[in-house]
Amino acid sequence: YCGVDAALPRAMSDQSERRSPFSPAPKPPTRRSEWSTATQAIAAGRPPNVPDGPLNQSVVFASTYHAHGPVAYGRDDNPTWTALEEVIGVLEGGTAVSFASGMAAVAAVFDQVRVGGTIVVPRDGYYGTRAFADAAVADRWELRRVDISDTDAVAAACLGADLLWVESPTNPNMDVADIPALCRAAHAEGLQVAVDNTFMTPLGQRPLELGADLVVHSVTKLLAGHSDVVMGAAVAAAGTAWCDNLRRRRSLAGAIPGPMEAYLALRGIRTLPLRFRQAQDNAGKLALRLATHPEVERVRYPGLAKDPWHERARAQMQGFGTMIAFEVHGGASAAEAAANSTRLIVHATSLGGIETSMERRSKWPGEEAAPSLLRLSVGCEDVEDLWADLEHCLDVAAKVRRRLETPIHLRRSRAITGET
């Protein structure tokens with residue numbers, strides 16, 4: 001059992017106590033009920049408070065440990081992982097297990113479903129998750145794809161299934177699921193519910209409190225926050241067998257994070273409250289401006305009052321996040337030109353860094369997004385600088401659109417006469 005209240009301090013008072021190397025107990029959350037999540041991001045996961053002791057958990061490079069302890073081998077645990085897992089677990093309100101990547105965490109969760117079982121997955125969602133499920137489905141599971149924002153359709157798909165996988169908001173279309181309603185419907189049919197909370201982080205949404213059994217993160221993104229780490233994590237609700245099973249799967253499959261990556265992610269989480277607040281504030285302002293720009297056809301951001309999921313988001317989220325999806329007039333060519341013309345905003349495929357990034361998602365094979373959709377991951381730069389860059393990109397998109405709309409015979413005559 002590895003519920004939160006069952007955990008023991010890292011510095012064990014009874015050295016004779018032995019545990020499975022696959023499920024070492026983490027240090028218990030420190031006064032979680034008295035401190036906010038923002039404070040816990042800074043205070044949790046620290047070494048014991050002893051005279052002249054270090055303030056921060058150091059990076060521990062070790063493959064081998066002395067005998068008669070709870071770890072035994074470097075593939076089973078590491079003190080740097082433990083500190084990181086403590087922080088993530090406290091923030092989400094459960095027990096965390098770290099992985100080498102977000103996809104390693106996803107694979108470990110899916111692998112808990114029996115062979116021949118059924119997984120309900122969003123039709124719109126992170127491409128890596130959908131591609132992994134598709135690659136394994138022939139040999140392992142049945143997949144039922146649903147519009148995760150359609151609560152009734154999801155509930156119907158849960159009949160006879162084993163696992164409900166939820167993204168909310170979805171990547172990249174920003175649909176919002178009714179997480180409490182989906183958890184009730186799934187549990188009524190005996191399903192487990194896992195929620196990918198990468199977009200919102202525990203500062204913006206706490207799925208375990210909304211009824212989920214498990215939360216998954218790409219730590220690479222907002223949690224680490226500096227575009228220099230690849231890591232993942234899963235957080236199990238207290239009183240479940242998830243964390244023991246996931247630790248065992250991680251150890252046996254070798255899906256372990258590096259200690260340096262864990263150290264960098266832990267250091268990144270210390271500034272998560274500041275980064276998330278600034279980036280979310282920027283996102284709200286940019287979404288409002290994009291919504292009134294003549295070259296923007298559609299904006300999806302749950303913080304907009306006219307967004308179809310605004311009220312649902314208000315009911316279950318603390319804020320509206322740092323991600324925006326918007327479509328430009330002129331189709332794929334105009335959108336790609338906008339992405340290629342950034343001067344401050346980074347044209348890149350990842351998200352959640354302290355820097356703002358943007359890309360056209362449908363350029364990737366298998367991505368189910370509108371050809372003109374741009375995914376904008378908003379960072380912490382000055383919002384006026386970001387808006388100036390977006391205006392420049394949209395001006396470039398407008399020129400491409402007008403050129404595409406010009407009749408072919410007119411373009412040909414202008415080329416002959418030298419007109420511009």
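Rings of Phe, Tyr and Trp (its six-membered ring) pair if their centres lie within 6.5 Å; planes under 30 degrees apart are stacked, over 60 edge-to-face, and the rest tilted. With that in hand, here are the close-ups. The model is predicted, with local features needing pLDDT of at least 70 and side-chain atom pairs pLDDT 80 or more, while totals for chains, interfaces and linings use all residues. Residues are numbered from 1 along each chain as its sequence is written, and side-chain values use heavy atoms, leaving out hydrogens and water.

**View 1. Aromatic rings around Trp 141.** Searching the whole structure turns up four aromatic pairs. In one of them, Phe 132 and Trp 141 have ring centres 6.3 Å apart and planes at 55 degrees, so this pair is tilted. Phe 110, Phe 132, Trp 141 and Trp 165 are linked by ring pairs into a cluster. Phe 132 is partly exposed at 24% relative accessibility, whereas Trp 141 is buried at 4% (buried is under 20% relative accessible area, exposed over 50%, partly exposed in between, with a 1.4 Å probe and protein chains only).

**View 2. The buried residues of helix H4.** Helices (H or I, at least four residues) and strands (E, at least two) are DSSP runs, numbered from the N terminus. H4 spans residues 127-137, and its buried residues include Gly 128, Thr 129, Arg 130, Ala 133 and Ala 136. They pack against helix H3 (102-110) and strands E2 (118-122), E3 (142-146) and E4 (163-167), a contact being heavy atoms within 4.5 Å.

**View 3. Helix H2 against helix H9.** H2 (residues 79-92) and H9 (residues 259-269) pack at about 35 degrees, their axes 8 Å apart. Axes here are lines fitted to C-alpha atoms, for helices over the stretch in contact, and angles run from 0 to 180 degrees between N-to-C directions. From H2, the residues in contact include Trp 81, Leu 84 and Ile 88; from H9, they include Pro 259, Tyr 263 and Leu 266. The contact residues of H2 with H9 comprise 12 nonpolar, one polar and no charged (Ala, Val, Leu, Ile, Met, Phe, Trp, Tyr, Cys and Pro are nonpolar; Asp, Glu, Lys and Arg charged; the others, Gly among them, polar).

**View 4. Cysteines without a disulfide.** The whole structure has zero disulfides, meaning pairs of cysteine sulfur atoms within 2.5 Å. For Cys 183, the closest cysteine sulfur is in Cys 158, 9.8 Å away and too far for a bond. Cys 183 is buried, at 2% relative accessible area, and Cys 393 is buried at 1%.
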